Amino acid sequence: MNDAQSLPGPLVGLRILELANETGQFCGKLLGDLGADVVKIEPPGGEPNRNVGPFLDDVPHPERSLSFWYYNTSKRGITLNLETADGRRLFRQLAAASDVILETFRPGSLASLGLDYESLRPQNPGLIMCALTPFGQTGPWRDYLSSDLLHMAAGGAMASSGYDEADVPNAPPIAPGGGNAWHTGGHFACMAIMAALVHRTVAGQGQYIDASIHEACALTTEAAVANYIYRGEVLRRQTGRHHAANPTPRTQFRAKDGTYVCALVAGRLTPKYIGELADLLDINGMAGDLRDFKYQDPAVIATNTSHIIDDLVANFIASLPAEEVYHAAQQRGFTWAAVRAPEQLLEDPHLHDRSFWKEVEHPELGRSFVYPGAPAIYNESPWQISRRAPLIGEHNTEIFCGELGLSRSELCVLAESRVI
Amino acid sequence: MPRPRALENIRVVDFSWVRAGPWATRWLGALGAEIIKIEWPENERGRLPSTTTPQHLEVNLNTSGNFNDTNVNKKSLSLNVRTSKGLEIVKRLIAISDIVIENFSSRVLQNWGLGYQELCKVKSDIVYVSMSGYGHTGRHHHYTTFGPVAQAASGLTYLSGLPDKPPAGWGWSYMDDTGGMYGAMCALTGLYYRNMTGQGQHIDLSQMVSGVPLNGPVLLDFTANGRGSRRAGYPPGNRAHWPGTPLVNNYRGPTVAPHNAYRTHPGEYNDWCVIVCHSDEEWQRLVQVMGAPSWAASAQFAAGVGRLQHQQELDEQIEAWSMTLGKYELTERCQAAGVRALPVQSAEDRVEHDPQLRHREMYLDMEHPALGRHKVQNAPFKLSETPAVNRLPSPLIGQHTQEIVEELLGYSHEELRVGFADGTFWPTKRARLPYMEEMLR
């Protein structure tokens, strides 16, 4: 492998303008970490989502939002008020020299400012513009308000996630946390932008992309839609495992340390598997009757499934810490895992072997912080964080003066009139 | 005239199986690439076992509904790559392809003699995307995953649930769907880089690792503030904060109330609506939608912190009202007034009742030779010049073997016959399917 870390990312040389709130900033981060020069355009004073916590040391401040920090790595930042004529003029100049615009305004907003794709394209036929919005640019829900929770509900995540009645009676459907509606929209939008960019390398032309977070979420529930379309089934929620038309054996077991292990056993119980399972459970002397010759008969296994899972496997896992079960099982070829809290990942040696964590400098604070890095290792053009999130207007001088040729005094005037 | 396609003239050799890999190539296919799925019926995973075969059909290699939706826009070449002849044929295919993608465990392709170095000898600028559970690099590269295992190990499962209860997790393989997205992004970025520089590469994607960055703010709260997520009140179910626990942001947006799921009329399994108010102003709009009940005028609910402190009572009162309305009616009333609300939607709801998805043509009919006519899921984005469209139903196993072997690779018809006879294109002991007999005429 080359010393890939010193090489530029696969999107090197691309200029992307990001006009994105909490719904689209992750897509911009993906493109920036992949090597594009992403210029984030914020309103004067900064994006409202700079005020979303948690904050560094619990001190609320627009430059201390850890959420903003995370979702805006590898970007430069400028401020620009598109409600002003000067702001629009400067934006058009930037758009003329950019490859991609990513925007998350409400449908019709940019058109009302004269900054929609049709207005910008004539001066830059290669321009790709992606509008990433909750519901897309058309349709009866086009102007609906949303949030992460709302998308998890309407997209179908909640209908599939929750609890067995025995674990939590009358439980509501549960929306998995972490802001994954925005992630899911961002993944699909990134894919669409990349496809347009590849097309442009051949055809030379740009295009407009209308991406919908609701649709992206509705596509992201594995076989739920196929279960309905092909069999008319509506699936039930189950604790820590797949939705199902009919109840399935549990796969989540409490370990000795009070945390859980995900152990997929049901559906795999062959005589051969029973032998391997006995070896695993025996590391703590917990194989019970698994070595009994009777388990050579698949019919006996079938009638003892509950005994094997709910007694033997459950008791074995209850006898050891979750991490120990996880590694012992995986080393023996079992596809099991500890249910870890994210912070436990900091101690995972496998991630260190992959140089996953990234120490990101925050020079204004004189400190650096450890960030999660990239999903994949590219051997020629690394996917990696190149810089911390921009401060408000941090690159105004660099871009407005350095690139667009404004003088320092013009910049001052624009700041006074709240254009930047 | 047919519209141009974004990935016109791009050919993908697709060894992937089950869900994550096929979900990646499904989208590359919708974007116009030619996807050639290499399959072998003796160790096939994805077509079988099937829990999505229509009740009136026999379960076999060609009748999985979920396989169909996961594998539209592809062709199938049945080929035993574990023989030297099969390997030779697949190398000939790779030599005229752009991308190789697979989601086996970490050493499988290398053991077949198709590691990255070997691939480069066959096609010097190949883009090779491996999508293994833990990646090809790192001490646990040999560990294996399914979606739920990747979700558990990466921290995603833990983020879902009620406080003091076991994790609820994700009711499906979120990291198979999302892993597929990363597979497609890796392939496309690799392809872009190749088109710009002429240089291919190996992209070592890991399903487990790609789940970790989805916990970004949780991890930064730990690395910067030292606060872990194993704490009282976390995860807070559907709420932004669990009453009676320390008031800390829960990594899903602002800490506000109401922010919950509420039962709706008539109270069946999926009769729920979620309602969120991001500000006092939005709360006041909700109060109006509810008909300005006297309880809502109470001072304890007037401002955000009070609503968070008295969330239990607030949620009970809202639910008493929401139970009087159907979830779609409640949604319309709230949204018309500028209140954030949407229904919990099952798959049936999305396919049959969601007016937005219907308007956007999310589910369109497509004919499949074994399954018949069914709705297939469409792309969640509309590209103005090169729309992503489903052009082909999922292939029957080996359906395109003749087309690929003879027309694309230039083998003779006699060589195809010999290959079927010697077990290269179909196991000799397995009955050939009718369309294979057709090919051999």
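This is a predicted model: local features need pLDDT of at least 70, side-chain atom pairs count only at pLDDT 80 or more; totals for chains, interfaces and linings use all residues.
I started in S8(B), where Cys273(B) is the bridge partner of Tyr262(B).

Residues count from 1 along each chain as written, chains are lettered from A and ligands numbered from 1 in written order, and side-chain values use heavy atoms, without hydrogens or water.

Next I looked up what joins S7(B) to S8 (residues 272-276) of chain B: five bridges, running antiparallel. Pairing takes at least two DSSP bridges between two strands. The open sheet has three strands, S7-S8-S9 (chain B), with antiparallel pairing. S7 (259-263) and S9 (340-343) of chain B are the edges with a single partner strand each, so one side of each has no neighbour in the sheet. I noted an average twist of 20 degrees from one strand to the next.

Then the core. Which residues touch the most other members of the largest nonpolar core? They are Leu7(B) and Phe381(B), out of 122 residues. A core means buried Ala, Val, Leu, Ile, Met, Phe, Trp, Tyr and Cys joined through side-chain atoms within 4.5 Å; buried is under 20% relative accessible area (1.4 Å probe, protein chains only). Helix H8 (residues 180-203) of chain A gives the most to this core, 13 residues.

I also checked Leu7(B) beyond four places in sequence: its contacts (heavy atoms within 4.5 Å) include Val198(A), Leu28(B) and Leu191(B).

Definitions and conventions: Buried means under 20% relative accessible area, exposed over 50%, partly exposed in between (1.4 Å probe, protein chains only). Helices (H or I, at least four residues) and strands (E, at least two) are DSSP runs, numbered from the N terminus. Axes are lines fitted to C-alpha atoms, for helices over the stretch in contact, and angles run from 0 to 180 degrees between N-to-C directions.
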